[in-house]
Amino acid sequence: MDSDHNPTAPLPEAPGVPGTNGGVRVDRADRMVIRFAGDSGDGMQLAGNRFTDAAAIFGNDLATLPTFPAEIRAPAGTLPGVSSFQIQIADWDILTPGDRPGVLVAMNPAALKVHLKDLRDGGILIINKEAFDERNLYKAGFESNPVEDGTLSGYDVHAVPMQTLTKAAVKGTGVSGRAVLRSKNFLALGLILWMFGRDTKVTEAWVAKKFAKLEAVKNANLAALKAGYNYGITTGSFARQIEVRPADLPPGTYTNVNGNAALSWGLIAGAQLAGLPLFYASYPITPASEILHELVRHRNFGVKTFQAEDEIAAAGAALGASFAGSLAVTGTSGPGLSLKGETISLALMTELPMVIVDVQRGGPSTGLPTKPEQSDLFLAVWGRHGESPLPVVAASSPSDAFEVAIEACRIALKYMTPVILLSDGYIATGSEPWRLPDIDALPELEAPLASGPNAGDRFLPYLRDMETMARPWAIPGVPGLEHRVGGLEKEEVTGNVSYDPANHQLMTDIRAWKIANIANDIPDVEVDDPDGADLLVLSWGSTFSAVRAGVGNARNQGASVAYARIRYLSPFPANMATVLSSYRQVLIPELNMGQLSRMIKAEFVTPVLSVNKVEGQPFTSTEIANEIMKVTGQ
């Protein structure tokens, strides 16, 4: 069970263990949370990702939380322009990127202003002290210099002259002018690598490859990286290193993966398992754009990608590709899902397989494009005109996105229906170690492809499989499979246009029953209840990690609580009513104002306690544990 071991407590003063790095004390920890923070031009995402790779290769379990400014480029040095990257590394199986950092790297006053409140008591604070000049302090809202006025007295502060060190390190590499200081993120990274005893070779190899065509930039970044590492060795202010040993994870081959990449790989795997070409159409939108970028790299698998002129065109292109026999996918975020609504309804009416990926973000309208939210659930389940039920599934973590993508493909193909797959910005950009699956163990996916007439010498496009109620998938150009498609209501079996009232009722009922029947073809809800609790906590989507860890924390504090995760949101699993009726209280935390809670209340007439948050930030395990303790009265 994931637990942060009282994440609000001060950092422990572990007994010093003699190290091999010049006799420096090495303090062992079972896990540590590190946060890089600076201006959006300071390269904090790059530094964080490079440390993540080093930790992954070392063997730590990890989880990350990148946070981006909503503005494309906020004024430098201001609070809205702060970018951060948080990572928790551990020697055991963790779920979350941690609640509060034990190490904070603040590249300027604005970064310190935004993130100091999160740093643990006694935590390590590394500051780019030369950025704390009068101008930057004013822009960040400081009346005096916190490095000098006692504000930071409760922390282990290291004020590092990063700009001076970077200038000295890159001298002679060929960079000049303002470009000289662009490598200071690598200097900070080198220092953190030393602090945690990580080798620089992984990062050096990445830099050499990434900047192979920019010799001066490559040399400058490598020089700054080594300078930061050597500063840790030589300066007297760093009296200790922190050792987080490799995690004892199940054997296998691992890679570090974020949610958008894992989802992309799942789509490719789904197409390969079905023996179909994959077609992906989208219009650039945060935070879903990286799916297109990732799929473009895999043309060797027969992947075809199309960047459309708008969201409507992307949905139309995907539906056309489905009609032509491809496993068709379109991806977007909330605003784009709204625009795709008419085409999704057309896909439902024509009963063609299609996967619609919605990487949710804060809304409404442009809202908070770089911040996570779960507020598209109603839109996914009901956001179309007419009676148009669709399957809706949700990924719960970066690695889970791979499996959910395959499952969305399976349902779409087997039942000849569009399927909506929900992710969000927390999953999309967060990363974790992922054990590569056994390809041979993945299930084959079948599509109801028609090969010829199915009623004597006639082809009836809506003559259904009586188990799934799926109609045959007739690919254009196959002799004998000529049929009519379009948005007008179809006559049962023949597919001819029909305005008959009884036929419309029948076809509406059939389409609804087909989706409802999927409940018998998905796994039951599994409940973790070790001691017969009265309280059941449910999670869906990206709240999984914080809720699961929060349940563990609450149990450690004596609470009796059960937990279940819901992957299938429409239709619900067949045993959902039985599970809900087994508990006196049901608690559902959501990054919205209670959408799943309302669905549960409406369908099962079950009292639900709702915990809601729409701050553009994920839940922490501490928040969830505290809510559980309130409900259980402990």
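Me: Before the structure is discussed, which cut-offs define buried, partly exposed and exposed?
Reply: Buried means under 20% relative accessible area, exposed means over 50%, and partly exposed lies in between, computed with a 1.4 Å probe on protein chains only. By that scale Asp521, at 23% relative accessibility, is partly exposed. The model is predicted: local features need pLDDT of at least 70, side-chain atom pairs count only at pLDDT 80 or more, and totals for chains, interfaces and linings use all residues. Residues are numbered from 1 along each chain as its sequence is written, and side-chain values use heavy atoms, with hydrogens and water left out.

Me: How is a sheet read, and what is the strand order in the open sheet of seven strands?
Reply: Strands of a sheet pair through backbone hydrogen bonds, either parallel or antiparallel. Strands (E, at least two residues) and helices (H or I, at least four) are DSSP runs numbered from the N terminus, and two strands pair if DSSP finds at least two bridges between them. Here the order is β12-β11-β13-β14-β16-β15-β21, with mixed pairing. β12 (304-307) and β21 (568-570) are the edge strands, each pairing on one side only.

Me: How many bridges join β11 to β12?
Reply: Four bridges join β11 (residues 278-282) to β12, and the two strands run parallel. Ser282, for example, has Gln307 in β12 as its bridge partner.

Me: Which helix lies across β11, β12 and β14?
Reply: Contact means heavy atoms within 4.5 Å. Axes are lines fitted to C-alpha atoms, for helices over the stretch in contact, and angles run from 0 to 180 degrees between N-to-C directions. Helix α9 (residues 289-296) lies across these strands, running at about 145° to β11.

Me: What counts as a salt bridge, and how many does a search of the whole structure find?
Reply: A salt bridge is a side-chain nitrogen of Lys or Arg within 4 Å of a carboxyl oxygen of Asp or Glu. The search finds 22. In one of them, Arg28 pairs with Glu243, the closest N and O atoms being 3.0 Å apart. Arg28 lies in β2 (residues 25-28) and Glu243 in β9 (residues 240-243), so the pair ties together parts 215 residues apart in sequence.

Me: What is the salt-bridge partner of Arg410?
Reply: Arg410 pairs with Asp521, with 2.8 Å between the closest N and O atoms. Arg410 lies in helix α14 (residues 400-415) and Asp521 in the loop between α16 (501-516) and β18 (527-528), so parts 111 residues apart in sequence are tied together. Arg410 is buried, at 17% relative accessible area. Glu407, Arg410, Lys414 and Asp521 are linked in a network of salt bridges.
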